[in-house]
Amino acid sequence: MGIQKKTKRASGSKPIEIPKTNSLAAEQYRSIRTNLNFTMPHSNVRTILFTSAENGEGKTTTALNIAIVYAESGKKVLLVDGNMRRPSVHHFFGIASRNGFSSLLLKKGELLDTVKRTGIVGLEVLPCGHVPSNPAELLGTAALEQLMTEMKKYYDVIIFDSPSILTIADSKILANKCDGTVLVVSSGKTDKKRIVKAKEALISSKATILGVILNNHELENNQYYEDYHQ
């Protein structure tokens, strides 16, 4: 399955404001949402991890905007900052990150008291919280599965932003626990061998790969498209 549409390049610093725009970029994210729905029509995929082979490929911006378009469609969505090495989701929404994902994994606080509103109907955010000294060990505890089970009680779709899959073990653990994973690749930046290694890392983690998003592909008319493949 694939899509190819021309669109302006999405901003690297802010998510697009879906309620205020009918831009081609917004339509592209909606197309990706539709393709994800087609990929999993009869499966119970509710936790989706976004990762990449390397840093700087646009996975966080992609995760943010996919979360927004799912909320736009009427779903109750939770966006989780699962990057406990270099958290950034809270910056996009201007929210505090003192308490968050890491706090709940340490059994400090309650989910509904810790999530933050975003101002977008249907979308709430769970920031990273305090950056722990041992993220991989923390993710490897039973607390992660317990927390995911609780998330599913209150949200239709849970989107996880994570570190790049080839740099540290965190993303492999999250990919194993999430219902599905999407790999984000930056056109002209990511080496093909690294992409293959990223796929192999996901397979070895027993992750369910939903597809690959190719972004920042420059067209002749100096516009961009994002391409989703199953």
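This is a predicted model: local features need pLDDT of at least 70, side-chain atom pairs count only at pLDDT 80 or more; totals for chains, interfaces and linings use all residues.
Lys107 counts as exposed, because its relative accessibility is 58%, and over 50% is the mark for that class. Lys107 sits in the loop that links helix 4 (101-105) to helix 5 (111-114). Its phi is near 65 degrees, a positive value in a residue other than glycine.

**The protein overall**
- The protein has 230 residues, and 53% of them count as buried.
- Its secondary structure consists of 9 helices and 9 strands.
- If you take the contacts between residues at least 6 apart in sequence, 77% of them join residues at least 24 apart.

**Another lysine with positive phi**
- You can find Lys206 in the loop between helix 9 (192-204) and strand 8 (209-218).
- Lys206 counts as exposed because its relative accessibility is 70%, with the cut-off at over 50%.

**Strand 3, an enclosed strand**
- Buried here means under 20% relative accessible area.
- In a regular strand, side chains alternate between the two faces of the sheet.
- In strand 3 both faces are covered: Val77, Leu79 and Asp81 are buried on one side, and Leu78 and Val80 are buried on the other.
- One charged residue, Asp81, is thus listed among the buried residues of this strand.

**The partners of strand 3**
- Strand 3 pairs with strand 5 (residues 123-126) in the parallel sense, over 4 bridges.
- Within that pairing, Val77 has Leu123 of strand 5 as its bridge partner.
- Strand 3 also runs parallel to strand 6 (residues 157-161), and 5 bridges join the two.
- Val77 turns up here too, standing opposite Val157 in strand 6.

**Helix 1 against helix 2**
- From helix 1, the contact involves Tyr29, Arg30, Ile32, Arg33, Leu36 and Asn37.
- These meet Thr61, Thr62, Asn65, Ile66, Val69, Tyr70 and Glu72 of helix 2.
- By class, the residues of this contact divide into 6 nonpolar, 4 polar and 3 charged.

**Helix 7 against helix 8**
- Helix 7 makes a right-handed crossing with helix 8.
- On the helix 7 side, the residues in contact are Leu144, Glu145 and Met148.
- Their counterparts in helix 8 are Ile173, Leu174 and Lys177.
- This contact is made up of 4 nonpolar and 2 charged residues, with no polar ones.

Technical notes:
Residues are numbered from 1 along each chain as its sequence is written. Side-chain values use heavy atoms; hydrogens and water are left out. A crossing is left-handed if the near helix is turned anticlockwise from the far one by less than a right angle, and right-handed if clockwise. Contact means heavy atoms within 4.5 Å. Buried means under 20% relative accessible area, exposed over 50%, partly exposed in between (1.4 Å probe, protein chains only). Two strands pair if DSSP finds at least two bridges between them.
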